[in-house]
Amino acid sequence: MPDVIPNHQWFVWLHDSVTGDFRHDLSHLLAGGSADDALAGTGSGTVTLQGNAVLPAGVMTGAQAYAAIKDDGASEIVIGMRDASGVVVSIGFAAYVMKKWVSNGQITLTVDQAPRRFMTERFTFCMSDFASGDFQIIGKSIEAAVASVIARSMLCGPLPIDIGPTTGSGGFTADVSRWEITTMEDLLVRIEKYGAEIRFEPYLTPTRQLRFNVRVATKITGPVRVISVTAAATPIVDYEAGTDSRRQLTGTFVSGKGMGSRLPYGWAGTGADPGAPIRDAYRSGADTDNTNVLMAAAASDLNNNRHAREMATFSVIPSQDFPLSNFAVTRRLTVERRGHPILPDSDQTYRITGNHIDLSTRKITPTLELM
């Protein structure tokens, strides 16, 4: 079927899950839905297609699209934006089709973010070779550990993922016996708990093949874009901001491993600001008896909660001047606020840790982390 350039810049493409190869352009059938892009790749969503739209001859119909979308996880939906000439600007979401449903002339696709979804259903062994299910990662960096897990996940079937080097040395170790029945997701979660962020970042090759680049770091960050919330041409809509002091503290006390008069502890805080009440908190550090560690933990906790939190929420409408890539997960935004009728002037820099994409309104609502 030929591609159809829609009268808006969003596109929805159908790809093969195993190879990543492009199959069909479904943009002309897009009727709505929403998707949640999570940094860790655990998001989900729905895509609604017009099932009974009257279309020109030679253009894929809803019935043909329904038949082309495989219902065994072998089809993948890619949501993104392209310019008026059809050139892809950026990808916003890639997900496996897990369910397709027809109601009132519309096709609703239930999708789970790719490729992390399949990591929950792959073990350290293949079904035909349980005896080879023992798996070790000894003294590797978090990047090499993630690469080792992904490489292992491919033994029983490929996915279009770029695998990095598996040889970097570091402090991460895992020794899994086959009878523990461990999934690839179990191992990725273990690496995350060690202090890593893992992101499977989708991209398109020149032949429109969908592939995933794996990014691993203690904190994954992208480039910074400066945007004014009060400028006439701002892409920001539904802006709300203020402060939240519900978690604010004046002191933190942390106790360690021990009992009675030998209880080790650490503390931080010298009182409240003038006119403010004392607000102290207790934390448990029962895994250590090192006073220096407990003092550092108390200081860190207080530092994170000493002041009221500057909060903001907003949505954005991507455009040619402000493409979707500016608001991708892990990107940073410096939001300038000047001349607001109520709020003071400020510059706040946020990291985007998630995105809610509304395919009906074409708005993106990011989840923000203040830097």
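Is Cys 156 buried, partly exposed or exposed? Cys 156 has a relative accessible area of 45% and therefore counts as partly exposed; buried means under 20%, exposed over 50% and partly exposed in between, with a 1.4 Å probe and protein chains only.

Before going on, note that this is a predicted model, in which local features need pLDDT of at least 70, side-chain atom pairs count only at pLDDT 80 or more, and totals for chains, interfaces and linings use all residues. Residues are numbered from 1 along each chain as its sequence is written, and side-chain values use heavy atoms, with hydrogens and water left out.

**The disulfide**

A disulfide joins Cys 126 to Cys 156, with an S to S distance of 1.7 Å; the criterion is a pair of cysteine sulfur atoms within 2.5 Å. By this rule the count is one disulfide. Distant parts of the chain are linked by the pair: Cys 126 is in the loop between α2 and β8 (135-140), Cys 156 is in the loop between α3 (142-153) and β9 (161-162), and the two are 30 residues apart. Helices (H or I, at least four residues) and strands (E, at least two) are DSSP runs, numbered from the N terminus. The torsion about the S-S bond is about -95°, so the disulfide is left-handed.

**The three-stranded sheet**

Next, select β9, β12 and β11, which form an open sheet in that order, with mixed pairing. Two strands pair if DSSP finds at least two bridges between them. β9 and β11 each have a single partner strand and stand at the edges, so one side of each is left without a neighbour in the sheet. The pairing of β9 with β12 is parallel, over two bridges. Then show α3, which lies across β9, β11 and β12 and runs at about 145° to β12. Contact means heavy atoms within 4.5 Å; axes are lines fitted to C-alpha atoms, for helices over the stretch in contact, and angles run from 0 to 180 degrees between N-to-C directions.

**The nonpolar cores**

Select Trp 10, Leu 26, Val 47, Leu 49, Ile 77, Ile 79 and Leu 109. Of the 39 residues in the largest nonpolar core, these touch the most other members. A nonpolar core is a set of buried Ala, Val, Leu, Ile, Met, Phe, Trp, Tyr and Cys residues joined through side-chain atoms within 4.5 Å. A second, separate core has 34 residues, including Phe 118, Ala 145, Val 149 and Val 214.

**Backbone details**

Go to Ala 114 and Pro 115, which are joined by a cis peptide bond with omega about -10°. Pro 115 is in the loop between β7 (106-113) and α2 (116-119). Asn 104 is not a glycine but has a positive phi of about 50°. Asn 104 lies in the loop between β6 (88-103) and β7 and is exposed, at 79% relative accessibility. Arg 208, also not a glycine, has a positive phi near 70°. Arg 208 is in the loop between β11 (197-204) and β12 (210-217) and is partly exposed at 28%.

**Asp 244**

Finish at Asp 244, in strand β14 (residues 236-244). Asp 244 counts as buried because its relative accessibility is 17%. Leaving aside residues up to four places away in sequence, Asp 244 touches Ala 308, Arg 309 and Met 311.
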